[in-house]
Amino acid sequence: MDTSVLTLGTDGLHRLISAFRKIAGVRETAWVDVCVDCEIPFGRGLGSSAAHARAVVLALGELFGRQLDDRAIFDLVQIAENVAHGNASGVDAAAVGSPVPILFSDRVAERLSVGFDGVVVVADSGVAGKTKDAVELLRQRFERAPESRMDFMGRSADLTYAAVKELTEGRARDFGSSLTAAHELLRGMGLSTDLIDRLVDVALDAGSLGAKITGGGLGGCAIALARGLETAGMIARRLEEAGAVRTWSAPLRRCVDDGG
């Protein structure tokens, strides 16, 4: 294992526990072994570090008999995220604590309703994303062609808000098309990889309503939307045949957010 990952994990855990003691008012001393069994791989754009941190926070709350509200849990997870990623936006800390999809903008998470049932298939490319390299690649592109920055940001925003509307209104096919369009935008900027592009194409050929890359770019996973379990199973098999290291399927259930 990369020792830098171990170092960041240990540092983040120490800071998280110190902050937990302060926020939760824990004065007693306890020696604990922390072991998190997690199948979410690091560096794939799936929020693995935030999921780990949230699991630790909830376990500490149970251990010391403390009831933490949503804000306190978010703040604690974000402390660990800042160690792992620097100035973390908060999107992963918010997402791993939400029972429904969210729209994250200006560091504020808005819970979204889902207007259709479906299945999300996740395919691991086996390659960790390279967010810093992706950001640098974009910076260089924008320097060479300043007008491309506004075009890219505008198109990204348009696709995002279109997808939110399609998701909440139950327009599954249109939502899938927006996913694919978003991937094509990122692919055109050089932020995808040959393998992830192949996985996206294979998913579409296998019946997916739409597919795209996850995470910060230059690695990670591909996600694909399927109408039902049978189609999702077929997509997953085709993705593994095409080079995915592993696949997961998760239900996307129709729901109306109650604002809670």
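This is a predicted model: local features need pLDDT of at least 70, side-chain atom pairs count only at pLDDT 80 or more; totals for chains, interfaces and linings use all residues.
**Figure 1. Leu 218, in the loop between E4 and E5.** Phi of Leu 218 is near 60°, a positive value in a residue other than glycine. Is Leu 218 buried or exposed? Its relative accessible area is 18%, and buried means under 20%, so Leu 218 counts as buried.

**Figure 2. The open sheet of 4 strands, in the order E4-E5-E3-E6.** Pairing in this sheet is antiparallel. Which strands stand at the edges? They are E4 (210-213) and E6 (246-252); each has a single partner strand, so one side of each is left without a neighbour in the sheet. From one strand to the next, the twist averages 20°. Strand E3 (residues 118-127) pairs with strand E5 (residues 220-226) over 7 bridges, and E3 also pairs with E6 over 7 bridges. Both pairings are antiparallel. For strand E3, 7 of the 10 residues are buried, so E3 is largely enclosed by the rest of the structure.

Figure 3. Ala 123 stands opposite Ala 222 in E5, while in E6 the bridge partner of Ala 123 is Thr 247. Asp 124, for its part, stands opposite Cys 221 in E5. As a reminder when tracing these residues, side chains in a regular strand alternate between the two faces of the sheet.

**Figure 4. Ser 125, a buried residue in strand E3.** With 6% relative accessibility, Ser 125 counts as buried. What does the side chain of Ser 125 reach at 3.2 Å? The answer is the backbone nitrogen of Val 127. A polar atom of the Ser 125 side chain also lies 2.6 Å from the backbone oxygen of Gly 220. Leaving aside neighbours within four places in sequence, the residues in contact with Ser 125 are Leu 195, Ile 196, Leu 199, Gly 219, Gly 220, Cys 221 and Val 245. Leu 195, Ile 196 and Leu 199 will return in the next view, among the buried residues of H8.

**Figure 5. Helix H8 and what covers its buried residues.** Helix H8 (residues 194-205) has 12 residues, which should span 16 Å at 1.5 Å a residue; the end C-alpha atoms of H8 are 16 Å apart, which agrees. Which residues of H8 are buried? They are Leu 195, Ile 196, Asp 197, Leu 199, Val 200, Val 202 and Ala 203. The elements that cover these residues include E3, H7, E4, E5 and H9. After H8 comes Gly 207, with a positive phi near 110°.

**Figure 6. Helices H7 and H9 lying across the strands.** Helix H7 (residues 172-188) lies across E4 and E5, and the angle at which H7 runs to E4 is about 30°. Which strands does helix H9 (residues 229-241) lie across? H9 lies across E3, E5 and E6, running at about 10° to E3.

**Figure 7. Helix H5, with buried residues along one face.** Helix H5 (residues 131-144) has 14 residues and reaches 20 Å from its first C-alpha to its last, close to the 20 Å expected at 1.5 Å a residue. Its buried residues are Ala 134, Leu 138 and Phe 142.

**Figure 8. The hairpin of E1 and E2.** To finish, strands E1 and E2 run antiparallel and are joined by 4 bridges. The bridge partner of Phe 104 in E2 is Ala 109. The hairpin has 2 residues between the strands, and Asp 106 takes a positive phi near 55°. Arg 107 is found in the loop between E1 (102-105) and E2 (108-111). Phi of Arg 107 is near 65°, again a positive value in a residue other than glycine.

Notes: Residues are numbered from 1 along each chain as its sequence is written. Side-chain values use heavy atoms; hydrogens and water are left out. The expected span of a helix is 1.5 Å times one less than its number of residues. Buried means under 20% relative accessible area, exposed over 50%, partly exposed in between (1.4 Å probe, protein chains only). The arc is that of the directions from the helix axis to the C-beta atoms. Two strands pair if DSSP finds at least two bridges between them. Axes are lines fitted to C-alpha atoms, for helices over the stretch in contact, and angles run from 0 to 180 degrees between N-to-C directions. Contact means heavy atoms within 4.5 Å. A polar contact is a pair of N or O atoms within 3.5 Å; within protein, one must be able to donate a hydrogen and the other to accept it, and residues adjacent in sequence count only if both atoms are side-chain atoms.
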